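Please consult the sequence and the structure alongside the text.

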Amino acid sequence: MAFQAALNSLCRRQFLRSLLGFFGTLFAFSRPRETRAQPATGKMVGRAHSDYEAIRKGLVWQRAKPARQPDLIIQANSVNEVVAAVNHARSQGLKVIAKSGGHSIPASFLRNDGMLIDMLGMRDVTVDPDNLTATAGPGTWGPTLLHALEPHGMGFPVARGGSVAIGGFLLGGGLGFNPNTWGIACFSVIGADVVTAGGEMLTVNARQYPDIYWAVRGSGPGFFGVVTKYYLRAYPLPGAITTSQYIHSLDNHAGVAAALEELVPNSDHRLELILLLTSNPDKQAVAAGAPEQVCIVNAVAYGADEEDARALLEPVAKSSLGHNPLQKTEYEPSNLKILTGETGESFPHGRMATEGVWSNSIAPVIAALSERMRQAVTPVTTVSIRFMGNTRLPADAAFSLIGSTNILSVLTWQDARDDNRVAGWLRDTMSVLEPFSLGHYINNEDVVSYPERNQRSFTPDSWTRLRALRKQYDPDNLFHDYFGV
């Protein structure tokens, strides 16, 4: 009995760590593919190639595979191969788009016709501990970057998911670790190597080609070039990362919201709070009569030492969240590598859909989403609310729209016949959220079904500037634009 109880507890912890790991931007349901040697010229696969369909479907990590077909898929492993691919596309009149890890839920990188450059093989990392900087290829997975930084006492706000590559994550913004201190991840991009529409490789930063540098920091899938390397500012690791977790019945959502309304504005910037509305992970307890749906509050403290981290978490423990929860775990030591979920924990594989908004609302949004949860159409439905205290944005970044809360609905299902029911639930949920919405986070959005959300992911001034820069640096429209634009 003791062994079974321990096993059940382990399974719950794995489930919950996976939930937390999933909601970063862009998701970790699949494990990274193994590094393998590639020919020096890279691999070029056309529609007639016997491997084409397997490679095309493999570009999309989730099971809902769009039917869109590029003419050519290039698996590039070096800057020279990217330059050669761009020049070939221009000479042949082919449009170009690039991808790194393939975690875009709607697969916005997968287009009909043209050339797709797959850069997952470009994952070299260098570290300069004296200057707290690093460089990394777009195909670098978050855990790979963390492994390189950790021996030097450094960290970076990578995605909460072991198989998320940094390329698209950073290009669209990046909601990573310690966001209220380290900020949106793209703000830590201090430069980039970019292949232009003319096939030229430029190193861009705040002094060289500052317009392109501005666009690299948050423009997302409509960027008018190919980023082949990121230059990153890293950060000293916190002396202690400690977590607490509180699980309440969904019926107690009002009490949970009241606690968060008090905690969020008064919390230290080194405390991260995330609320999940989801299924009860303790299936045995549900069978015995426990609530089927729950509110899970995850608190992560990035302290100077263990005592400091515990002090950061104490207000959460003393709040009403700590009073009579269904379950709680408090003051557990952790680290960034554990939080990425790189240990092999994963969600059930399936068809996936996500949609969300930025907001400044807490209690009204939680009430509205709790009601939507009661009408869930899939067994695996989760709504995440991340509380962001760092709402100030730098002027030199295309990423320009943010709120104090980031709301994301994620649905998983197996049967394509349920696609319309899922789409309907998400559409109705977004309608409910519209009064509280400030706009969208482009990395999380279904910009294929709703292309107008591309523009709604930026301030009007930033969107106007992005359109003007595209005309300036890609006048012949070599690169695919935002989907539907």
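## Helix 8 and helix 12

Helix 8 and helix 12 are roughly antiparallel to each other, a term for angles over 145 degrees, with under 35 degrees counting as roughly parallel, 65 to 115 as roughly perpendicular and the rest as oblique. Helix 8 spans residues 253-266 and helix 12 spans residues 363-373; the two pack at an angle of about 155°, and their axes are 9 Å apart. Axes are lines fitted to C-alpha atoms, for helices over the stretch in contact, and angles run from 0 to 180 degrees between N-to-C directions. Helices (H or I, at least four residues) and strands (E, at least two) are DSSP runs, numbered from the N terminus.

From helix 8, H253, A257, L260 and E261 meet A363, P364, I366, A367 and S370 of helix 12, where contact means heavy atoms within 4.5 Å. The residues of this contact comprise six nonpolar, two polar and one charged. Here Ala, Val, Leu, Ile, Met, Phe, Trp, Tyr, Cys and Pro count as nonpolar, Asp, Glu, Lys and Arg as charged, and the others, Gly among them, as polar.

## Basis of the model

The model is predicted: local features need pLDDT of at least 70, side-chain atom pairs count only at pLDDT 80 or more, and totals for chains, interfaces and linings use all residues. Residues are numbered from 1 along each chain as its sequence is written, and side-chain values use heavy atoms, with hydrogens and water left out.

## Helix 12 and helix 13

Helix 12 also packs with helix 13 (residues 419-433), at an angle of about 160° and with the axes 10 Å apart. Helix 12 is therefore roughly antiparallel to helix 13. V365, A368, L369, R372 and M373 in helix 12 meet W425, D428, T429, V432 and L433 in helix 13. Seven nonpolar, one polar and two charged residues make up this contact.

## The buried face of helix 4

In helix 4 (residues 142-149), the buried residues are G142, P143, L145, L146 and L149; buried means under 20% relative accessible area, exposed over 50%, and partly exposed in between (1.4 Å probe, protein chains only). Seen down the axis of helix 4, these residues fall within an arc of 160°, so they line one face of the helix. The arc is that of the directions from the helix axis to the C-beta atoms. Among the elements covering them are strand 6 (133-136), strand 10 (226-233) and helix 11 (336-339).

## A buried loop residue

Q62 lies in the loop between helix 2 (52-58) and strand 2 (72-75). With a relative accessibility of 2%, Q62 counts as buried. Leaving aside residues up to four places away in sequence, Q62 touches I105, G350, R351 and M352.
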